[in-house]
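Keep the structure open as you read.

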Amino acid sequence: MKVQIIHIDGPYKGEIQEFTEDKITIGRHPSCAIVFPPDLRVVSRQHACIIREGNRFKLVDHSTNGTLVNGKFVKETYLRSGDVITFAEGGPKVSFLLLPADEIPLHSIEDHPVQPDLQLKEEPRPNFEALHRSGPARVKAPLVIQFGTKIKDFNELPVRLGRSSECEMLIDHPAVAGIHAEISFSGGEYFIKALEGTIYLNDTPVKENILKIDDILALSPQGPRFRFLGHGRLAEILEEEEDVLSQEATPPPQESFLEKMEKKAENKLSFWKKLFKK
């Protein structure tokens with residue numbers, strides 16, 4: 001088995017690491033397999049380790065501030081594929097994923113051995129009308145989607161998202177339709193297309209569009225919301241990131257007429273005081 005560690009929050013957010021070793025050490029010490037920055041004091045120098053026991057993987061906490069699995073503090077626990085690990089409350093957050101040893105890593109197009117059907121650089125960019133008429137062709141392409149504590153890895157697209165069991169990616173959210181949307185790959189680009197539901201790209205409703213790095217995809221005004229990290233990686237935006245985004249979207253408050261007049265008066269008074277001092 002291969003272990004895939006997907007960083008979903010923290011200094012390495014969006015990065016993916018793979019391990020085949022029987023022991024994975026995590027901390028700030030340079031000898032660790034996963035090394036966090038020295039100034040990230042919430043993480044201990046030797047914070048935790050993941051140990052292989054046959055076909056199972058055990059997480060052992062050695063830290064001062066503790067380690068959480070799916071939101072609960074643990075000292076030792078066996079991990080399941082898709083578990084979310086947080087190194088100290090409010091610290092960096094990763095997802096633990098198991099892959100078969102002979103499976104080709106799918107997280108990066110650059111690292112992936114390019115197959116003939118992925119060499120699409122010389123093909124013209126597809127137009128949306130043609131895709132709508134014929135439907136996107138199934139192609140080999142990497143796609144990783146993180147939703148809640150669940151991470152799914154796909155190697156063939158299109159992938160449908162929604163609440164229906166017919167969808168390849170189940171999105172259990174009250175505002176999401178049965179077969180809500182579809183992600184496809186063509187001409188070297190990832191596409192998002194609304195099916196039964198409405199989709200919003202960077203707060204603008206769209207029927208179909210290309211996904212670009214740092215695009216914000218919302219399946220409804222009530223969520224869920226995802227950030228496209230590039231190379232076929234789509235990660236749900238956590239509550240803390242939502243707060244930051246809402247703060248960035250809120251314009252600074254405008255001064256009222258009275259406040260402006262008071263400020264002018266204060267400036268004039270300051271000017272006259274300085275003048276008389278001279």
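## Cavities

In this predicted model, there are two cavities of 30 Å³ or more. A cavity here is a set of points on a 1 Å grid over the protein atoms alone, where a 1.4 Å probe fits but cannot get out. Volume is the space filled by probe spheres set on those points, which are joined across faces, edges and corners. The largest cavity holds about 70 Å³ of space.

What lines it? β1 (2-9), β12 (139-147) and β23 (233-236) each supply at least two lining residues; strands are DSSP runs of E, at least two residues, numbered from the N terminus.

## A glycine to find

Now look for Gly 230, in strand β22 (residues 225-230). Gly 230 has a relative accessible area of 2%, and buried means under 20% with a 1.4 Å probe, protein chains only, so Gly 230 counts as buried. Its C-alpha atom is 8.3 Å from that of Leu 211, 19 residues away along the chain.

The chain averages a pLDDT (the predictor's confidence in each residue, from 0 to 100) of 79, and 72% of the residues score at least 70. Residues 102-134 stay under 50.

Residues are numbered from 1 along each chain as its sequence is written. Local features need pLDDT of at least 70, side-chain atom pairs count only at pLDDT 80 or more, totals for chains, interfaces and linings use all residues, and side-chain values use heavy atoms, leaving out hydrogens and water.

Definitions and conventions: On a 1 Å grid over the protein atoms alone, a cavity is a set of points where a 1.4 Å probe fits but cannot get out, and a pocket is an open set with protein on both sides within 12 Å along at least five of seven lines; lining residues have an atom within 4 Å of a point. Helices (H or I, at least four residues) and strands (E, at least two) are DSSP runs, numbered from the N terminus. Contact means heavy atoms within 4.5 Å. Buried means under 20% relative accessible area, exposed over 50%, partly exposed in between (1.4 Å probe, protein chains only).
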